[in-house]
Amino acid sequence: MLFNIDLKAILIAFALSYGAIALVLQKITFALLTALLPHTPFYGFSPVFLVVLFLLLPPVLAGCVVAKLARNRPQLHVLLSALLGAALYAIFSKSNALIWSLIPLVLTWLGFAVFVWLNNRR
């Protein structure tokens with residue numbers, strides 16, 4: 001394999017963070033928006049919070065998971081996962097694909113930093 005890349009780690013992390021977490025967040029979003037009445041004070045804030053959560057949580061989780069699952073060279077695996085996430089964001093963005101694709105590039109590295117920080121605490 002090229003650089004001993006563990007594709008299974010990348011695919012598992014990508015499916016978990018962008019697939020399963022997105023489905024869970026989607027269920028939570030629909031439950032919250034149907035439970036909150038338009039006259040409550042949190043109704044206007046909840047869609048903004050959930051959109052931010054949709055954008056921030058999957059890349060950070062992908063960085064943590066792929067760094068944990070990679071047998072060797074976790075930084076290379078995090079980079080590949082970030083590029084895959086950036087491609088996903090660029091494909092599904094309606095406008096400004098370059099700006100939207102920067103989100104997973106930065107946040108996946110943040111997830112890797114969280115993983116390194118948690119491992120150094122132990």
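Predicted model: local features only at pLDDT ≥ 70, side-chain atom pairs only at ≥ 80, totals over all residues.
Me: Is A22 buried, partly exposed or exposed?
Reply: Buried needs a relative accessible area under 20%, and exposed needs one over 50%. A22 has a relative accessible area of 22%, so the label is partly exposed.

Me: What separates the C-alpha atoms of A22 and L57?
Reply: Along the chain, A22 and L57 are 35 residues apart.

Me: OK, over to S17: is S17 buried or exposed?
Reply: S17 has its place in helix 1, residues 7-35. The cut-off for buried is under 20% relative accessible area. S17 has 0%, so S17 is buried.

Me: Which residues does S17 touch, not counting residues up to four places away in sequence?
Reply: A22 is one of them, and that contact also turns up when you start from A22.

Me: How far is the backbone oxygen of A13 from a polar atom of the S17 side chain?
Reply: A polar contact takes a pair of N or O atoms within 3.5 Å. Here a polar atom of the S17 side chain and the backbone oxygen of A13 lie apart by 2.8 Å.

Me: Now the rings: is the pair of F14 and Y18 stacked, tilted or edge-to-face?
Reply: A search of the whole structure turns up three aromatic pairs. For F14 and Y18, the ring centres are 4.5 Å apart and the planes sit at 35 degrees. Stacked needs under 30 degrees and edge-to-face over 60. At 35 degrees, the pair of F14 and Y18 is therefore tilted.

Me: About how many helical turns separate F14 and Y18?
Reply: An α-helix has 3.6 residues a turn, so residues three or four places apart point the same way. F14 and Y18 are four residues apart in helix 1, so the separation is about one helical turn.

Me: What is the relative accessibility of F14, and what is that of Y18?
Reply: Both F14 and Y18 count as buried. F14 comes in at 15%, and Y18 at 12%.

Me: What is the angle between the planes of Y18 and Y89?
Reply: Y18 and Y89 form an edge-to-face pair, 6.1 Å centre to centre. Edge-to-face starts at over 60 degrees, and the angle between these planes is 85 degrees.

Me: How many residues apart are Y18 and Y89?
Reply: Y18 is in helix 1, while Y89 is in helix 3, residues 74-92. The pair links distant parts of the chain, with a separation of 71 residues.

Me: Which residues form one aromatic cluster?
Reply: Y18 pairs with F14 and also with Y89. That gives one cluster of F14, Y18 and Y89.

Me: Which residues of helix 4 are buried?
Reply: Helix 4 covers residues 97-121 and reaches 37 Å from its first C-alpha to its last, close to the expected 36 Å. Its buried residues are S101, P104, L107, T108, G111, F112 and F115.

Me: Zooming out, what share of the protein chain do buried residues make up?
Reply: The protein chain has four helices and zero strands. Of its 122 residues, the buried share is 30%.

Conventions
Residues numbered from 1 in each chain as written. Heavy atoms only, no water. Helix = DSSP H or I, 4+ residues; strand = E, 2+ residues; numbered from the N terminus. Expected span 1.5 Å × (residues − 1). Buried < 20%, exposed > 50% of the residue type's maximum accessible area, 1.4 Å probe, protein only. Polar contact = N/O pair within 3.5 Å; in protein donor to acceptor, adjacent residues only side chain to side chain. Contact = heavy atoms within 4.5 Å. Phe/Tyr/Trp six-rings, centres within 6.5 Å; stacked < 30°, edge-to-face > 60°.
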